[in-house]
Amino acid sequence: SLPAAPPHAAAPTGTINLELAAAGVPQVAVYSTSWLTGFVIRRLLRPVLRHASLPNILAGRTLLTELLFEDCTPCRIAEEADFLLARPSLARAEAAQIRQLVLPSLRAVGDGGEPQLASRAAARALLRHLPEAQTCTL
C-alpha cells in the first residue's frame, strides 16, 4: 500500500510518477544528469521518445510538467511547485486526468478504484507483451 499522499510533489522520472498519479497527487517530473548523458539522451532517445515521465510516455502527450536537464533547477522546481499550490483545482484536475487516461491501461488502479504499486502494474503490462509469459500471473 502507498504511504499518505503529500499535497503535491516534485519527483524523479520513473515509476514513482505512476504511484503518485494513482494516489491523485499533482506533481512535476524532474530529471537532471551530466552534460554527456544529456547529450546522449537527446541524440538517441529524444527522436523516439518525446517525454521522460511514464504518464506522459504512455499517454503520448504532456499530462504533467517535466523539468529535464538544464531546465531542472531549484528555481524552476520552485516555480512549478508554486504554480501547483496556487491553483489547487487545476492541479487536482491534472492528477485526475492522468489517473483516468493512463492508469487503467496499466491496471495501476484496482477493480475497486484503489491504488496499486506501479511496479506491479508495470510488471503486468510487460507480461501482456511477452508471449512466453502468458502462464505467469501477478
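Student: Is Cys75 buried or exposed?

Tutor: Cys75 is exposed, with a relative accessible area of 56%. The cut-offs are under 20% for buried and over 50% for exposed, with partly exposed in between (1.4 Å probe, protein chains only). Cys72, at 16% relative accessibility, counts as buried.

Student: What sort of model is it, and how are residues numbered?

Tutor: It is a predicted model, in which local features need pLDDT of at least 70 and side-chain atom pairs count only at pLDDT 80 or more, while totals for chains, interfaces and linings use all residues. Residues are numbered from 1 along each chain as its sequence is written, and side-chain values use heavy atoms, with hydrogens and water left out.

Student: Back to the cysteine. Which residues are exposed on the other side of H4?

Tutor: Cys75 and Ala86 are exposed there. The buried residues of H4 are Glu80, Ala81 and Leu84.

Student: Why do residues three or four places apart point the same way?

Tutor: An α-helix has 3.6 residues a turn, so residues at that spacing point the same way.

Student: What covers the buried residues of H4?

Tutor: The cover includes strand S2 (27-31), strand S3 (65-68) and helix H5 (88-101). Helices (H or I, at least four residues) and strands (E, at least two) are DSSP runs, numbered from the N terminus.

Student: And how far does H4 reach?

Tutor: H4 spans residues 74-86, and its 13 residues reach 18 Å from first C-alpha to last, close to the 18 Å expected. The expected span is 1.5 Å times one less than the number of residues.

Student: Different topic. Where is Glu66, and is it buried or exposed?

Tutor: Glu66 is in strand S3. At 17% relative accessibility, Glu66 counts as buried.

Student: What does the side chain of Glu66 make a polar contact with?

Tutor: The side chain of Asn56, at 3.0 Å. A polar atom of the Glu66 side chain also lies 2.9 Å from the backbone nitrogen of Ala52. A polar contact is a pair of N or O atoms within 3.5 Å; within protein, one must be able to donate a hydrogen and the other to accept it, and residues adjacent in sequence count only if both atoms are side-chain atoms.

Student: Which aromatic pair is there?

Tutor: A search of the whole structure finds one aromatic pair. Tyr31 and Phe69 form it, edge-to-face, 6.1 Å centre to centre with 90° between the planes. Rings of Phe, Tyr and Trp (its six-membered ring) pair if their centres lie within 6.5 Å; planes under 30 degrees apart count as stacked, over 60 as edge-to-face and the rest as tilted.

Student: Which parts does the pair tie together?

Tutor: Tyr31 lies in strand S2 and Phe69 in the loop between S3 and H4, so the pair ties together parts that are 38 residues apart in sequence. Tyr31 is partly exposed at 30%, and Phe69 is buried at 10%.

Conventions
Contact means heavy atoms within 4.5 Å.
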